[in-house]
Amino acid sequence: MNNTNKGTVVITGTSTGLGRVTALLLAKQGYRVFAGVRTEKDAHSLKQAASGNLTPIIMDITKAEEIKSASEFVSLAVGDEGLFALINNAVVAVDGPLECIPIDDIRWNFEVNVIGQIAVTQAFLPMIRQAKGRIINISAICGRLALPYRSLLSASKFAIEAITDSLRMELSSSGIEVISILPGGIVTPEQANKVEASYQETLANMLPETKAIYGKNYKIYMQGAVEDNRSTGLPPEKVANTILEALEARKPKRQYFVTQSSWELRLYALYKRLVPHQYFYDNLYKDMQKGMGFD
């Protein structure tokens, strides 16, 4: 274990999945990590697993008072040193045909995935400016290539990409690097269970006429997403190592794409641009059906 203090990092959404893996990795690599969680139970679990300087902090990014309390706690801890990096990782996924998603769920999606990210950034920005540090926003491939039934996740990640680009320009005079990480689907069994339960509930709540329109393709698509989350997607360690690379690069890239192979994203983007829209999605479903043994 590296005991050298490389700087202080705040990361949101560390209870499970990518956030947890990243927080543990950075602490092990010698960073002083303040890891945002929503419950004391999650805080205890994370602290028990850590092998380094890691302090869990209770911070639900939709609650202004918790963001304020967390930022004040970190400010006292870092003093004049400031904050080397903020990693905006917390996310929710609200899936389904847009026609069927309750408006309150749509509001919640943007409250967590966009407004919460901005609120946290505003709160910690003075500390980042002190250190001439970095803001790393965890985006996604669907922030560049929108997909069916994940319109809200895609829309929020498109928004994060725009916010990241704007912040990069606005903060350049302060010496602050603003970076986005764009992974493909990540293997997280906990998320797979959530996605499966969510889409099954959505299917069950569809009116018969709506299910006749969307049911088959929605089920095929979401079963593919669950399979990605369970076994065929990116290991979270690969994405966490890319975040570490962005932290340690003397001149970091503006964007880091993380896919299973270097050509995957380029091929997908080219295919979507050149192939007619409906043909693209028809074949997307056919590929998923074959991959899951439906044909």
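Guide: Let us begin with Lys-6, which counts as partly exposed because its relative accessibility is 31%, and partly exposed is the range between under 20% for buried and over 50% for exposed. Please keep in mind that this is a predicted model.

Visitor: What makes the contact of Lys-6 with Glu-248 a salt bridge?

Guide: The closest N and O atoms of Lys-6 and Glu-248 are 2.8 Å apart, and a salt bridge asks for a side-chain nitrogen of Lys or Arg within 4 Å of a carboxyl oxygen of Asp or Glu. Lys-6 lies in the segment before strand S1 (8–11) and Glu-248 in helix H8 (residues 236–248), so the pair ties together parts that are 242 residues apart in sequence. Glu-248 is partly exposed, with a relative accessible area of 42%.

Visitor: How many salt bridges are there by this rule, and where do Asp-95 and Arg-150 lie?

Guide: The count comes to five salt bridges. One of them joins the side chains of Asp-95 and Arg-150, at 3.1 Å from N to O. Asp-95 is in the loop between S4 and helix H4 (103–131), while Arg-150 is in the loop between strand S5 (134–138) and helix H5 (151–170), so this pair links distant parts of the chain, 55 residues apart. Both Asp-95 and Arg-150 are buried.

Visitor: Why is Arg-107 called exposed?

Guide: Arg-107 has a relative accessible area of 54%, and exposed means over 50%, so the word applies to Arg-107. Asp-104, at 55%, is exposed for the corresponding reason. The side chains of Arg-107 and Asp-104 meet in a salt bridge of 3.3 Å, N to O, and both residues lie in helix H4, three residues apart, about one turn of the helix.

Visitor: Turning to the rings, how many aromatic pairs are there, and why are Tyr-31 and Phe-84 called stacked?

Guide: The count comes to six aromatic pairs. The rings of Tyr-31 and Phe-84 have their centres 6.3 Å apart and their planes at 20°; since pairing needs centres within 6.5 Å and stacking needs planes under 30 degrees apart, the pair is stacked. Tyr-31 is buried, with a relative accessible area of 3%, whereas Phe-84 is partly exposed at 22%.

Visitor: What makes Phe-34 and Phe-73 edge-to-face?

Guide: Their ring centres are 6.0 Å apart and their planes stand at 85°, and because planes over 60 degrees apart count as edge-to-face, that is the name the pair receives. Phe-34 lies in strand S2 and Phe-73 in helix H3, so the pair ties together parts 39 residues apart in sequence. Phe-34 counts as buried at 2% relative accessibility, while Phe-73 is partly exposed at 44%.

Visitor: Which residues form one aromatic cluster?

Guide: Tyr-149, Tyr-199, Tyr-214, Tyr-218 and Tyr-221 form one aromatic cluster.

Visitor: Finally, why are H1 and H8 called oblique to each other?

Guide: The axes of H1 and H8 come within 9 Å and cross at roughly 50°. Angles under 35 degrees count as roughly parallel and 65 to 115 as roughly perpendicular, and H1 and H8 are therefore oblique to each other. Their crossing is right-handed, and the contact includes Leu-18 and Val-21 of H1 and Ile-243 and Leu-247 of H8.

Definitions and conventions. Residues numbered from 1 in each chain as written. Predicted model: local features only at pLDDT ≥ 70, side-chain atom pairs only at ≥ 80, totals over all residues. Heavy atoms only, no water. Buried < 20%, exposed > 50% of the residue type's maximum accessible area, 1.4 Å probe, protein only. Helix = DSSP H or I, 4+ residues; strand = E, 2+ residues; numbered from the N terminus. Axes fitted to C-alpha atoms, helices over the stretch in contact; angles between N-to-C directions. Parallel < 35°, antiparallel > 145°, perpendicular 65-115°, else oblique. Left-handed = near helix turned anticlockwise from the far one by under 90°. Contact = heavy atoms within 4.5 Å.
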